[in-house]
Amino acid sequence: MLNIILFGPPGSGKGTQAILLKEHFKLLHVSTGDIFRNEIKNATNVGKEVKQFLDAGKLVPDELTIRMLGGYVDANSAPELQGVIYDGFPRTVPQAKALDSFLEEKRSSVNVVLSLEVNDEELVKRLINRGLTSGRSDDSNEEVVRNRLKVYYNQTAPLADFYLSQKKFVSIRGVGTIDEIFAHLCDEMYKLD
Ligand code: ADP
């Protein structure tokens, strides 16, 4: 069972590449952002609880995020799948540790962390552009976009060291065409096993 983490700042192309990888390698795509947006759309209790965090570009508290992630993976795993691609999770060191325990219980572990590298100027441009068409309120406001980048550098970027020390961290150039980036990700996937 494969456990692939797609890592990188907001706007680095994780969602786009995760969908391609999911199809190609028969993986379950788990996006915590999508899970939360779905809860908000359905006006559930969780949705009401997390809306304020998403709107402000802040992280949802770890405990709730971990619970939602575990529930989603358990509810959507299927025998024909080769594993899971995590998109937007983990985003903090406690989330990474929780993922390790969750996988350990299943006699499994993280295989690789594929990190999409994109400069800030390009990220802000992509996010604001996405906001024009996606209807995502957290992409439409430059202040919220900049706050998400700040949160990324403060809370999520330190995770790179966590996985570097386990020799699981691989940097991928996240600028170029979607196909070029996908080809680089595939090269790393074929190195597994
Ligand atoms: P992006 O990668 O463009 O920031 P996501 O869809 O991954 O977008 O996340 C959108 C928002 O959902 C985040 O800004 C945050 O509020 C919340 N979120 C998503 N994943 C997590 C997570 N692992 N931990 C805490 N909050 C999260």
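**A ligand and its shell**

Biologist: What radius of gyration does the chain have?
Modeller: Happy to start there, taking the radius over C-alpha atoms, with the globule rule being 2.2 Å times the number of residues to the power 0.38. With 193 residues, a compact globule would come out near 16 Å, and the chain agrees because its radius of gyration is 16 Å.

Biologist: Good! Which helix gives the largest share of the shell around the ligand?
Modeller: First a caution: this is a predicted model, where local features need pLDDT of at least 70 and side-chain atom pairs pLDDT 80 or more, while totals for chains, interfaces and linings use all residues. Residues are numbered from 1 along each chain as its sequence is written, and side-chain values use heavy atoms, without hydrogens and water. The ligand is surrounded by 20 residues (a heavy atom within 4 Å). Helices are DSSP runs of H or I, at least four residues, numbered from the N terminus; H2 (32-41) and H3 (45-56) each supply at least two shell residues, and the largest share, four residues, comes from H2.

Biologist: How many residues of the shell are charged?
Modeller: Asp, Glu, Lys and Arg count as charged, Ala, Val, Leu, Ile, Met, Phe, Trp, Tyr, Cys and Pro as nonpolar, and the others, Gly among them, as polar. The shell has seven nonpolar and five polar residues, and the charged ones number eight.
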